[in-house]
Structure formats: C-alpha cells, structure tokens
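Hello,

Here is the structure I promised to pass on. Please open it first, then read my notes below.

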Amino acid sequence: MQETIHAKLPPPLETEELVQQNLSTREELEAWVEAQKTRVLEEKRADQLQSQEHARASDEAQRKRELLQIEHQKLSADTHAKERELSTSQMEIEVLQAEKSRREPVVKQLFEKTVEEDAKLKELLADSQKQQTTQEQQLQELKQGLAMYQRLGLFFEHAEADRIVVRFTQIDAKNPSREFSFRITIDPITDRYIGELYRCNSLSAKIY
C-alpha cells in the first residue's frame, strides 16, 4: 500500500535552478532598468542642454535684433541728416552758380583791365630802365666832372642844411696850393642865393 502511494506522488521540484533563473532574470531586469534610467537621464540632460542652447540662441538673436533696430534707427537718422545736408548743399550750389553768372562779366572786365595794366606796367618798367640808364650815364659824367674838378683843385663842402662852401686852389700861379673859397647861403626871406667870397680864409666880399 505504501509503495502505491509513493508511486503516485510527483517528483520533487528543482528549486535551486529556478532560484538561479530568477536571480539572473532579476539582474537582467535591474541592468535594463539602470540602462533605461541612464538613457533617460542622458536624454534629459541633452534636452536641457539643447533648451539652454536654444535659450542662449534666442537671447543672442534678440540682442542682435535690438542692435539691428538701433543701427537701423541711427542709419535712418544719418540718412535724413545727409539728405538735409545735400539739399542745403544743392541750394548753396545754385546760389553760387547764380553768383558766378552775375560776376563773370565783372571778372572778365577785371581780367581785361589787368592785362591792360600789365602792358602799362611793362611800358613803365621799360621807361624806368631807360631813365635808370640815363641817370647812371649822368652820374658817371658827374663823377668824371668831379674828378676833373678835384684835379683842378675844386672841392665842395656841405657845411649846413642851407649852406655850401666851395674851396679851390690852382689860382695863384706863384702859390698853387693857396686856397680860396666862397660860401653860398639861401636867404630864408627872399630865397635868393647869397655868395660870400673868401680869400686866404679872410672875408673879402659878398655877392648877391
């Protein structure tokens, strides 16, 4: 009877193998979960970095847009200022052109007058050169005459502003070095010349 009962019982379960399988499966699940967590964290960090980069790009784009707006406003203001300056310059050019048209005849007359005056000046210079040549010739003649007078013993002395003393020798044949002189003075009342003749440095006579 007992043998019959033992024959009907199922064989004993192999729990050790099941435990090992469960442990292996659990480890695989834990590894998979950790891998999924790591992937999710990495994706989250990547999304955060991308969001931060997008935010920085948006801020940079906004800053550039604001700078462009400021630059556009400045350029627009400069353009308006240049247009006003150009308009003013055009008006000034028109005024100058009108002034030029008005003054051209005057300038032409002045130019013709200048040419005429230049011709006169050249003539005056030529006359002046001729006069200078004549004066130089006369001066040379005077120098020659003065040298001749000095050889003859005749000397002129400017004593005062209105008085000239004339001294001369070679008169007395016995004493050629004997000096004679006379003084010429202008009378302040009559403007007549008064000659006072001297001989041997002594007053001899007055000549009017």
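Two aromatic rings count as a pair if their centres lie within 6.5 Å. Planes under 30 degrees apart make a pair stacked, planes over 60 make it edge-to-face, and the rest are tilted. Keep in mind that this is a predicted model.

By that rule, there are two aromatic pairs. Take F168 and F180 to start. Their ring centres are 6.1 Å apart and their planes sit at 15 degrees, so this pair is stacked. F168 belongs to strand 2 (residues 163–168) and F180 to strand 3 (residues 180–186).

Now F168 and F182. Here the ring centres are 6.2 Å apart and the planes are at 55 degrees, so the pair is tilted. F168 is in strand 2 and F182 in strand 3, so this pair ties together parts 14 residues apart in sequence.

Now the whole chain. The protein chain has two helices and five strands. Along the sequence, the pattern is α-α-β-β-β-β-β. Of the 208 residues in the protein chain, 7% are buried. Take the contacts between residues at least 6 apart in sequence: 2% of them join residues at least 24 apart. The accessible surface of the protein chain is about 18,800 Å², and carbon and sulfur atoms account for 56% of it.

Best wishes

Notes. Residues numbered from 1 in each chain as written. Predicted model: local features only at pLDDT ≥ 70, side-chain atom pairs only at ≥ 80, totals over all residues. Heavy atoms only, no water. Phe/Tyr/Trp six-rings, centres within 6.5 Å; stacked < 30°, edge-to-face > 60°. Helix = DSSP H or I, 4+ residues; strand = E, 2+ residues; numbered from the N terminus. Buried < 20%, exposed > 50% of the residue type's maximum accessible area, 1.4 Å probe, protein only. Contact = heavy atoms within 4.5 Å. Areas by Shrake-Rupley, 256 points an atom, 1.4 Å probe, with all protein chains shown as cover.
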